[in-house]
Amino acid sequence: RGLTDRSLLGKVQAGYCDGQRLSEIITAEECQQLQQAGVLNDRGREFFSRCVVFPLQDRHGRTVGFYGRSILEGGKVPKRVSARRGLFRVEAAKGAASVVLVEGVLDALALMQAGLPNVMALGGVQGFNEELLAHLQAERVKQVTLCLDGDMPGIQAAASLTRKLEAGGLEVQVVKLADGQDPLSHPQEALRLLQGDCPAATDKVRKYQKLSQAQGKLKVLVTVQSEQGQQAQGTVDLFSSRSRRQEALSLARQLGLEVADLESWFLDILQEVQSQKEQPKSLFAKVEVEPMTPAQKAAALAFLQRGDLVDCILTNMEALGYQGENEAKLLGYCVSVSRKLEKPMSAIIQSGSGAGKSYLAEVVRKLTPPEEVVFYSRLSPQALYYMPKDYLQHKFLVLEERAGGEACDYQIRALQSSGILRQAIVTKDPATGQLVPTENEVWGPMAYMETTTSLKLNPENTSRCFEIPLDESQEQTRRIHERQKSLRSLERLEGGEREEKICQLHHHAQRLLQPIAVVIPYVHLLTFPDQWLRSRRDHDRFLTLIEVLVYLHQQQRPRKVHNGLEYLEATLDDYRWAYFLAQRVLQQSLDELSRWARELLTAFEENSWSNITRRELRDSLKWPDRRLREAVEDLVDLEYLLVQKGPNNQSFFQVSTGKGSSGPGPGLMTPEELAWLWKETA
């Protein structure tokens, strides 16, 4: 194929697989690992036998797959291992303002051999994926030049890729090779076009302007110029295949162009106009992140290495104005950080109006890097289905108030449970006018948080979320009053800059957290209540809570290796903090009674109340009538309270003597018990 530069082939780590039986010279374990990776088939033979092979890498330069070209006549060309993961020459984009994209690996090598350094390969006309776009964006590439094959698939792919890359915020240029040419067979011609020795492709002199859209019509004014400089205009209804055909014939006759080429362009315009309508660029635009300075990185690293990291987090949240309630603050922070894990956590902050639930969510949101937060006051029923498929992936989704998201409860639960939201719908094919099924996908996983004043929550939601009750005591009210007073003092003039520094420190620190596996060495010693069916999910959430705490302390833990994979081990301190959080949060989750029903029953027992009216209860507890009414209904329904009718049909309540008032059952193993048991079994 004309690729003769040995140093270039060495640079890209090209190799040749001669097809020997590797299974005969490696261990059984190594053979199994290579079969799992796809390098060996089920019979132990090499997948890339008689192939020239090139490694494919992820954004960080780690090999995640291979691309092979068979040298046998009639051999399958090309062959890949990685399920379309991995990129060829990720280093081409590093520090580059512009990158050239070609179809195949050999096309890229031909241009590199001709002297062009910043070339990457798509892996075919259908090879573009979100991984490539994310890499170009992360490396701050400004411009992409497409140099695809000069056949109809290449022309169509260039138009499709232009839309996708421009939607990702990149400037795109298209270099059009002559019919039948490709960069591998004509590298010098491709290089001459790329270096600007001849005019750009005619795509640059094709323009359109939207005129109107109403009553099933979408009219645009198109302007087309031929290579000889002749220009013509026409109006086409993009929704009508007949209008597209007639206008393409008219323009083709005037300018000597291909009818099929113009019709394909009209379809590209239609898709572009529709995508602009359904998904404005500004709505899902990527948040630009300024690179950390060495001083900022050092400060963030020092913060993550602090022995009192958790205490510092709580102190910083208090400095942002949230007083007390350390369990609620720390759990909210952990839910946000869990977005980076494979199984993120979710939480519902529950309290009466004015207790501070919205402010807790706001403080947690402020401490999360803005590019990883998705915040809404309301979601319509179909909103999640039509988001970019990777928009929510490893993000922190915050819903301001539960009432604003009830319409999409099912979609949120699906993302929490399976990590993917898939919808099949029927749309009209603009080319044929026929109804065809299409599929929308939105990927997770994501961390989720919402707030609510509701006393009764849907069990389908609570079984997937930590319920965070807020402190509504008089002491907490006093703390909030003191904070409100401080905001009217001189302290107010100093707070803004300090809060900004705190938030910036946490943003940088969380950006430094890297994906790594977590192992809990004492996991088989742990006990967990099992009398309720929902404890199956609660148990898993409790273990995830331990993992998040380990993940948060990754800069303080030694990294261990097992079968080539790095991992961190949980310590007793991680369990101690998880136990501290679970004592309040899981206690409520594992109780058949709601929070306020349990508190009301406790009040009955502590005060030995009998034959008491609801008004007397309200006067004693100082509770809102709605809360008291719902708590009484729960206790009566579950036969914890008996209702007696008195004069004038007045109701009196007393504790049932035939029903025990036990709490949620056996508690978790204490940290002290775990420490002793682990020491005994070591």
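1. In what follows, a residue is called buried under 20% relative accessible area, exposed over 50% and partly exposed in between, with a 1.4 Å probe and protein chains only. This is a predicted model, in which local features need pLDDT of at least 70 and side-chain atom pairs count only at pLDDT 80 or more, while totals for chains, interfaces and linings use all residues. Residues are numbered from 1 along each chain as its sequence is written, and side-chain values use heavy atoms, with hydrogens and water left out.

2. Taking a salt bridge as a side-chain nitrogen of Lys or Arg within 4 Å of a carboxyl oxygen of Asp or Glu, the count comes to 23 salt bridges.

3. Aspartate 573 is partly exposed, at 45% relative accessible area, and forms a salt bridge with arginine 576, their closest N and O atoms being 2.8 Å apart. Arginine 576 is also partly exposed, at 35%.

4. Arginine 422 and glutamate 441 meet in a salt bridge at 2.9 Å, N to O, which links distant parts of the chain, since arginine 422 is in strand S15 (residues 420-428) and glutamate 441 in strand S16 (residues 435-443), 19 residues apart.

5. Glutamate 372 and lysine 340 form a salt bridge at 3.9 Å, N to O, and both residues are buried.

Definitions and conventions: Helix = DSSP H or I, 4+ residues; strand = E, 2+ residues; numbered from the N terminus.
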